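The structure is shown first.

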Amino acid sequence: MPDPTPAGHVHVESHRIVMSEVDVAQIHFTTFFRWMDRSFCEWLADVGRPFTRLLEEGPGIPVVDAQCRYVARVRLDDLVTIRTHVAEAGRTSFRVRHEFRRGAELVGEGVLVHVCVERASRRTLPVPDWLRAHVRPDAG
């Protein structure tokens, strides 16, 4: 089945900050990490590889590194838009970038690094061609 999206796909979604996502002062730091995971799952579905298909066909893609930089304070009822894309693919791993904006203002950025593995043995595998075809290198 061909991928339904063009190469270099960027997934975009928005979330309003709700009570369960804030602490006393601002957004709870874990919220962006949950959103990065969810947004990448949506990106996979957009390119025709939802997680159910990956579980059937492989590879496993565990996260081996997760980073987030908080640029500006985010509060209750702010509307945050997340842009997610695969920015880089190595031999067995790939890097997914996430940009968080409130309107035009950058409020955070994150990176998840996944490694491709055969699930039973945990032996590393090459990044699949279908994923490599969607890499959208970062500008600059």
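Strand 3 connects to strand 4 by a hairpin of three residues. The model is predicted: local features need pLDDT of at least 70, side-chain atom pairs count only at pLDDT 80 or more, and totals for chains, interfaces and linings use all residues. Residues are numbered from 1 along each chain as its sequence is written, and side-chain values use heavy atoms, leaving out hydrogens and water.

**Strand pairing**

- Strands (E, at least two residues) and helices (H or I, at least four) are DSSP runs numbered from the N terminus, and two strands pair if DSSP finds at least two bridges between them.
- Strand 3 and strand 4 (residues 93-102) run antiparallel with eight bridges; Thr84 is opposite His98 of strand 4.
- Strand 1 (residues 11-16) is also antiparallel to strand 3, with six bridges; Val12 has Arg83 as its bridge partner.

**Asp78**

- Asp78 sits in the loop between strand 2 (63-70) and strand 3 (79-89).
- Asp78 counts as buried because its relative accessibility is 17%, where buried means under 20% relative accessible area with a 1.4 Å probe, protein chains only.
- A polar atom of the Asp78 side chain is 2.9 Å from the backbone nitrogen of Arg75.

**Glu21**

- Glu21 lies in the loop between strand 1 and helix 1 (30-46).
- Glu21 is buried without a salt bridge, and the nearest side chain of opposite charge is Arg34, 4.8 Å away.
- A salt bridge needs a side-chain nitrogen of Lys or Arg within 4 Å of a carboxyl oxygen of Asp or Glu.

Methods: Buried < 20%, exposed > 50% of the residue type's maximum accessible area, 1.4 Å probe, protein only. Polar contact = N/O pair within 3.5 Å; in protein donor to acceptor, adjacent residues only side chain to side chain. Lys, Arg positive; Asp, Glu negative; His and termini not counted.
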